[in-house]
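The sequence and structure come first, and the description follows.

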Amino acid sequence: MEVLKEKVEEEEEAEREEAAVRAERGEKVVRPMEVRREEAPMTQEMLRDLERKLSDTEMAIPEKLSTFTKDTIAISKLPLSYQSNTLKEEHLLQVADSFSRQYSHLCPDRVPLFLHPLNECEVPKFVSTTIRPTLMPYPELYNWDSCAQFVSDFLSMVPLPDPLKPYQEGNCFDFSTLLCSMLLGAGYDAYCVNGYGSQDMCQMDLTRDVCPLTVKHQEVVQEEEKVPPKKYAIKPPRDLTSRFQQEQETKKQEEIKAEEERRLREEEERLLDVEKAKTDPLHGLRVHSWVLVLSGKREVPESFFIDPFTAHSYSTQDDHFLGIESLWNHKNYWVNMQDCWNCCKDLVFDLGDPVRWEYLLLGTEKSHLSLTEEEEDGLNDDDDVENLGKEDEDKSFDMPPSWVEQIEISPEAFETRCPNGKKVIQYKRAKLEKWAPYLNSNGLVCRLTTYEDLECTKTLEIKEWFQNREDMLELKHIDKSTGLNVDYFKPGHPQALRVHSYKSMQPETDRIMEFYDRARVDGLVKREETSKTMTEYYRGRSDFLFYRHVSFGDRVKKLSLNSAESNPRPIVKITERFARNPEQPADEDVAERVFLISEERIQLRYHCRDDHITASKREFLRRSEADNKGNKIVMTPDMCISFEVEPMEHTKKLLYQYEAMMKLKNEEKLSRHQAWESELEVLEILKLREEEEEEHRLTISIYDTKRNEKSKEYREAMGSPQADPPPPPPPPPPPPRRVMHEEHLRQVEAPLDYLAPFLAQLPPSEKMTRWQAMRVKDECLSDIKQRLIDKANLIQARFEKETQELQKKQQWYQENQVTLTVEDEDLYLSYCSQAMFRIRILEQRLNRHKELAPLKYLALEEKLYKDPRLVEFMKVFV
Amino acid sequence: MNWLYDSVEPRVMDEDLLKLAVGEQGPRDEAGQLARQEGILFKDVLSLRLDFQNILRIDSLWQFENLRKLQLDNNIIEKIEGLERLVHLVWLDLSFNNIEAIEGLDTLVNLEDLSLFNNRISKIDSLDALVKLQVLSLGNNEISHMMNIIYLRRFKDLRTLSLSGNPIAEEEDYKMFICAYLPDLVYLDFRRIDDHMKELAEIKHQYGIDELKQRENLSQAQLDDERAQREELEEHKAAFVERLNGSFLFDSMYAEDVEGNKLAHLPGVSELLQAYKDKFVIICLNIFEYGLKQQEMRKVELDTFNECVQEAIQENREQGKRRIAKFEEAHLLSLNAIRDESEVTNLEMKVAEHSKDITELFDMLMTLEMQLVEQLEETINTFERNIMDLVALFIENVQSLMAQCRDLENHHHEKLLEISINTLEKILKGELDEDLPYDVRALFVDKDTIVNAVGTSHDLHLLKIDNREDELVTRTNSWCSHLVDAIHKDEIMRNRRRVKEIHQYVDHVQNELDNLECSEIID
């Protein structure tokens, strides 16, 4: 500890805590201290309030977060550690006070330190003890980005009317304290920072930021590795073009490019000017708190800042961070002694360097001094005193444990995330809305609206994310400018739909459907439709088909009574392409076949041989079935025109061609049928989509006992009374499938019905006659009798067998006694004793069975008499 | 029922009979009409049925090259013959004949289904070539020995076997034995073998099977070893240094050397010989290793060359394909345009234009090809030079190593001569203590004899070394020249094929245009 001579009022420090301190720097002299002091407790309360809420899952956090009055906080309910200080904490506070006094003496022109704000119980608490490192039980919160996102969603930020008094709300400290606790718990080297931020940052004003969701990932073009030319690589043909001309050309193009660039730059500058807001008069004075993550732990390669409001990470060079006063974690507190004239860009985050970072407590592990000490003006005298102090003070004083209760976030709160389960963020030309799952009945969890202009009046596109939809819809993308809708699905749609982009749900219009081809029998990947064509792409088919294109003609108007459905559009042309089938020679493997249905022609193109550049072709015409005289023409040589790369004898034969043509005719029929079926499927999918859109049912996991009514009932029935039922949100009706499943489970659990097999034998009429009842009873009894007898017999048989064997062995022993070795004799003796043991046990069992059997029989009989199904018949009888 | 046919005059399998059968069994209806019009070639027939024809001798089937299925059941055939050319046969039915021995099936490697039901066969034999056999029907024959079953173990794909009606089927152990020794069999005598039966059989014949398996494994291992050795030798031969990885050459030098062997009995010679051998073998090993290394280098060189050439050809081919695809599009369009054109002047213009296009395509493709030829020629020449250099270097180095061998031999010769003469002197003086065998002593009569003997041995050794060297050099050189020739020839063939292909394609396209023109003019 450094001991400085001058004393500074504690109140000042308290004020600093309030977080506003920086902003006040300019006015510090002017303002009376009392005013500031009054404002102080509020922030602390806020802080406490939040922590308390977090720790108390029973309280609905979202509702209360926005109200910050003292009344809402039941102070008496808080644990003792909130209301008083321990001895150690008192000691720490004294230390902090003395530190602060020295500091303000040495640096009178700097703002007092933010060391121990009052909490909601009006008790001063040192900032470091407010941090409670906690590892959350949710795996999602293990990494800093998701953690930060969660904190920014979980707490709501109230906009501040007066930028000079941010401490009235001041919850950027709450944000960073909570985030810091979680990050430390997850193993990061994280610190709360007290410093100055830009206006946008302090007010959580994202309207000038580009929404991260709208930023498209730039495709990284991978440079193809240039293979060094091999030894025998052929030389390229000689280049015969004029070099001069090329040069002229490139020159010209460069000029054009430069022109273009200049224009673009000008445009950009203009835009920037428009967008640039008026300069902030309080620039550099706005107090903000954020989180610093230092490199080293958890494989963080480089130190960075996290703004807890937005959950964005920034480099330590970022323009938004204008300066740092101090920073702390759960172990120590450091004051920045570096100059922040150039924002945070020149800061060195080497906390072991006492010249740059003045620490409050000794003995933490942050003692690495990586840089050689540099003499800095104005700080030299500090060092001496510091060193003196170090020697005097107790070096082993360490931070008392956190007074805050363990941060707990209930699963519901975790799932709800945002206060009220809803959050709206305004970005530059974009608006992002978030909802908790199951809050909206259609499963909507997120919506991003992008606007054309800065005022957000003209909608450009809307993106909606969904969760837990039964139809597996994941994302809906509506482009307002083109009117194009794109739906994205997760795996599991009944028609294996993956992406559906359309302008209207009317059939026979432009649309693209993509499918999960592995889930489909036909391996369909994509189907593109326009008003006149349909193109299908396949993958992984055993017939090697990968492309089918169908063109339709105009629908023939029919005067018939039939409805429109039975009047399919006539097919003009079907083109099918096949991948190479390695089992067939290339000359017989069709690559493309075109059915020109209206012209009655079939064109085939075969695959190209590996060492050829031309491929065989064949064209079949079937112009006339009969010649002029009415004779039926089977096949004439001019009906098949073929070009063969390597002419073969057998293909010239008419018979071969005739057979090929017959086969193709059949295949044409099949293809037409396929096209027709595809059309039907489109209609079906469209119908299904419409139904799904209307119903928008949500799925609920059977493990989710809070939402799944049936599952809950079942669980309670199973007898787990200790599970207190929290108020369930409105549960949608579970699908019948699940009911059946649970019914089945219950049946399995039911006790064994001893009458069931006999009852099952009866005819399934409604009522049992008395005679039947008697028979059932008798059968049941005789059955158990039989079983008992069987069991007795079994035991008896084993008993006898064992006895016989023993006798045999004894006999053998008697005969060979003389010749036996010692070992054999031992073996025999041990066998005998074992056999005797077995025989005795069997005997005992048999006896017990004899005793128990009549009792068992009687017990069953009695049970049967009392059986509710038989009782009425029995009564009469008895 | 064979007696019935015995009384009838046997028929000869001649052209007419086959033609009739083919005609009857050929395509029907419209296709049949076409077939009759054109006639069916025997080699196009895939399936032929010749049952109940009273055939005595299989004949005239050599034309049916592509036959897959042949039925010759219910005839009076006595000998399996004339089926050698039907290598594609999958299905052969020879049931209800008078065959006595299985034979003449050695070329039918694709056969999967063979039926010899109701014949007079007594021994399962001569089926070794039928590696794909799945169904074998041998019922109603005269097979009497159980050991015939073991022969069937070699057919890994055999699933169905019928042997009922044979003497062995009468034996009580029949089923068990077959199940045990043919564990992959699924159907026996048209009944499925159940798993229980299999288990029982296995237990029952476990010892026999284990023994058999052991023997089979041993012989298999032996075969594998032999093959591995052969392969290794092949590899060494490819490097031209076979048998140099040991004392083979040295041993061969002394194998025919009578005098040398005799002289080995002299005192001190055996040590000399041992030292000589050690040194010699070391040089041999050097040659051997050097040869393998050089072989590796040559291989790498050749692979690189082939790869590069393939790449070049592929790229050229892709270019050609692209050109043709582009042309084809234009071609279709302009053909349609010409077809639709009615005015004669326009028509002519268009036709001319299109002809020009075709010529252009031809020129373009030819240019590509010529370019490739030039490029490849250069590459091939470079390769030729390099490989020649490599080979020359190899030979040179081997020769120098061989020269070392010769030096060793000379050195050894001198030493041996010295010892021999010393010994001779000793013998002449009668100072020799040791006893020499009689035939060795016979050499030491006078100086000439002994010098001659030593000289003969020496010459023989040198001859052996020279021979080995010559062999290596000749083979290496011939390999090199063959390789280069083959590369040149391949390239020429490739070029011819491509040029032919281009011509053919362009002709075809031109023809299409001409036909169109003709029809237009006629119209």
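Two strands count as paired if DSSP finds at least two bridges between them. The model described here is predicted.

**A hairpin and its neighbour in chain A**

Strand E17 (residues 533-538) of chain A is joined to E18(A) by five bridges, and the two run antiparallel. E17(A) and E18(A) form a hairpin with six residues between them. In the turn, Gly540(A) has a positive phi of about 70°. Within this pair, Thr533(A) stands opposite Ser551(A) of E18(A).

E18(A) also pairs with strand E19 (residues 571-578) of chain A, in the antiparallel sense and over seven bridges. Ser551(A) has a bridge partner here as well, namely Lys573(A) in E19(A). Strand E18 covers residues 545-552 of chain A, and seven of its eight residues are buried.

Thr575(A) lies in strand E19 of chain A. Is Thr575(A) buried or exposed? Its relative accessibility is 6%, so Thr575(A) counts as buried, the cut-off for buried being under 20%. Leaving out residues up to four places away in sequence, Thr575(A) touches Tyr547(A), Arg548(A), His549(A), Glu592(A), Arg593(A) and Val594(A).

**Strand E5 of chain A**

Strand E5 (residues 321-328) of chain A contains Leu322(A). Eight of the eight residues of E5(A) are buried. For Leu322(A) the relative accessible area is 10%, which means that this residue is buried. Leu322(A) and Lys345(A) are 23 residues apart in sequence, and their C-alpha atoms are 8.8 Å apart in space.

E5(A) pairs with strand E1 (residues 189-197) of chain A through six bridges, running antiparallel; in this pair Gly195(A) stands opposite Ile324(A). E5(A) is also joined to strand E6 (residues 333-336) of chain A, antiparallel, by three bridges. Leu327(A) has Trp334(A) in E6(A) as its bridge partner. A hairpin of four residues connects E5(A) to E6(A).

| Strand pair | Bridges | Sense |
|---|---|---|
| E17(A) and E18(A) | five | antiparallel |
| E18(A) and E19(A) | seven | antiparallel |
| E1(A) and E5(A) | six | antiparallel |
| E5(A) and E6(A) | three | antiparallel |

**Chain A overall**

The secondary structure of chain A comprises 19 helices and 23 strands. Of its 878 residues, 44% are buried. Among contacts in chain A with a separation of 6 or more, 58% involve residues 24 or more positions apart.

**The sheet in chain B**

Chain B has an open sheet of eight strands with mixed pairing, in the order E1-E2-E3-E4-E5-E6-E7-E8. Strand E1 (47-49) and strand E8 (191-192) of chain B are at the edges and have a single partner strand each, so one side of each lacks a neighbour in the sheet. Strand E4 (residues 113-115) and strand E5 (residues 135-137) of chain B pair in the parallel sense, with three bridges. Ser115(B) has Ser137(B) in E5(B) as its bridge partner.

**The contact between chains A and B**

How many residues does each chain bring to the contact? Chain A gives 31 residues and chain B gives 42 residues. The area buried between the two chains is about 3200 Å², and carbon and sulfur atoms give 56% of it. Tyr232(A), Ile234(A) and Ile613(A) supply 27% of the area that chain A buries against chain B, more than any other three residues.

The rule finds two salt bridges across the interface of chain A and chain B. Glu328(B) forms a salt bridge with Lys617(A), with the closest N and O atoms 3.3 Å apart.

On the side of chain A that touches chain B, strand E21 (601-608), strand E23 (640-643) and helix H13 (654-695) of chain A each supply at least two residues. H13(A) gives the most, with three residues. The residues on this side of chain A divide into 15 nonpolar, three polar and 13 charged.

Definitions and conventions. Residues are numbered from 1 along each chain as its sequence is written. Chains are lettered from A and ligands numbered from 1 in the order in which they are written. This is a predicted model: local features need pLDDT of at least 70, side-chain atom pairs count only at pLDDT 80 or more; totals for chains, interfaces and linings use all residues. Side-chain values use heavy atoms; hydrogens and water are left out. Contact means heavy atoms within 4.5 Å. Buried area is the accessible area (1.4 Å probe) that two parts lose on being put together, summed over both. A salt bridge is a side-chain nitrogen of Lys or Arg within 4 Å of a carboxyl oxygen of Asp or Glu. Ala, Val, Leu, Ile, Met, Phe, Trp, Tyr, Cys and Pro count as nonpolar, Asp, Glu, Lys and Arg as charged, and the others, Gly among them, as polar. Buried means under 20% relative accessible area, exposed over 50%, partly exposed in between (1.4 Å probe, protein chains only).
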